[in-house]
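Biologist: I would like to learn how to read a structure of this kind, feature by feature. Please give me the general idea each time, then the case at hand.

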Amino acid sequence: MKEFKGTQGKLNIDIFKEDFYVNIANEKGNSVASISTNEEQFKEAICYGKLFASSPELLELCLLVYNSFGGGNVITFSEEDIENFETVINKII
């Protein structure tokens with residue numbers, strides 16, 4: 001499997017309502033992406049920002065699911081795994 005080459009670690013989202021601006025930053029506070037929009041499209045920009053900021057966690061959970069089926073073995077997910085899924089999903093929606 002290929003190695004992920006994107007930003008490692010958690011990403012944070014900052015929402016600037018007055019400027020219709022969304023910024024996604026790494027754990028050090030460095031901006032890795034931003035969305036500048038207008039009032040009409042601002043809610044959509046926030047949704048995309050949340051999705052982008054959650055992408056490292058989503059990838060981690062996708063890999064958990066993918067690896068659980070490796071070699072024909074089905075692994076039961078723990079309560080903590082399920083809570084992690086719920087946490088990430090709730091960050092996005």
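This is a predicted model: local features need pLDDT of at least 70, side-chain atom pairs count only at pLDDT 80 or more; totals for chains, interfaces and linings use all residues.

Biologist: Where does α1 bend?

Modeller: At Ser55, by about 55 degrees. A proline, Pro56, follows within four residues of that point.

Biologist: Which residues of α1 are buried, and what covers them?

Modeller: Burial is read from relative accessible area, and under 20% counts as buried. In α1 the buried residues include Phe42, Ala45, Ile46, Gly49 and Ala53. Further along, Ser54, Pro56, Glu57, Leu61 and Ser68 are buried as well. The cover over the buried residues of α1 includes the strands β1 (12–16), β2 (21–25) and β3 (31–36), together with helix α2 (79–92).

Biologist: Glu57 is on that list. What does its side chain make a polar contact with?

Modeller: Glu57 sits in helix α1 and counts as buried because its relative accessible area is 14%. Its side chain makes a polar contact of 2.9 Å with the side chain of Lys91. Setting aside neighbours within four places in sequence, Glu57 is in contact with Lys10, Val88 and Lys91.

Biologist: Now the rings. How many aromatic pairs does the structure hold?

Modeller: Three. To read a pair, take the distance between ring centres and the angle between planes. Phe16 and Tyr21 form a tilted pair, with 5.7 Å from centre to centre and 40 degrees between the planes. Phe16 is partly exposed, at 35% relative accessibility, and Tyr21 is also partly exposed, at 27%.

The pair of Phe20 and Phe42 is edge-to-face, because the planes stand at 75 degrees, with the ring centres 5.6 Å apart. This pair links distant parts of the chain: Phe20 lies in the loop between β1 and β2, Phe42 lies in helix α1, and 22 residues separate them.

Biologist: Which residues does Thr37 touch?

Modeller: Contacts to read are those beyond the sequence neighbourhood. Not counting residues up to four places away in sequence, Thr37 touches Asp19, Phe20, Phe42 and Ala45. Phe20 and Phe42 are the two members of the edge-to-face pair. Thr37 itself is in the loop between β3 and α1 and is buried, at 19% relative accessibility. Its side chain is joined to that of Gln41 by a polar contact of 3.4 Å.

Biologist: And where is Ile75?

Modeller: In the loop between α1 and α2. Ile75 is partly exposed, at 48% relative accessibility. Leaving out residues up to four places away in sequence, Ile75 touches Asn67 and Ser68. For distance, compare sequence with space: Ile75 and Phe52 are 23 residues apart in sequence and 28 Å apart in space, C-alpha to C-alpha.

Biologist: Last, how many disulfides does the structure hold?

Modeller: A disulfide is a covalent bond between the sulfur atoms of two cysteines. The structure holds zero disulfides. Cys47 is in none, and the nearest cysteine sulfur, that of Cys62, is 19 Å away.

Biologist: How does the accessibility of Cys47 and of Cys62 read?

Modeller: Cys47 counts as partly exposed, at 46% relative accessibility. Cys62 is exposed, with a relative accessible area of 51%.

Methods. Residues are numbered from 1 along each chain as its sequence is written. Side-chain values use heavy atoms; hydrogens and water are left out. A disulfide is a pair of cysteine sulfur atoms within 2.5 Å. Buried means under 20% relative accessible area, exposed over 50%, partly exposed in between (1.4 Å probe, protein chains only). The bend at a residue is the angle between axes fitted to the seven residues ending there and the seven starting there. Helices (H or I, at least four residues) and strands (E, at least two) are DSSP runs, numbered from the N terminus. Contact means heavy atoms within 4.5 Å. A polar contact is a pair of N or O atoms within 3.5 Å; within protein, one must be able to donate a hydrogen and the other to accept it, and residues adjacent in sequence count only if both atoms are side-chain atoms. Rings of Phe, Tyr and Trp (its six-membered ring) pair if their centres lie within 6.5 Å; planes under 30 degrees apart count as stacked, over 60 as edge-to-face and the rest as tilted.
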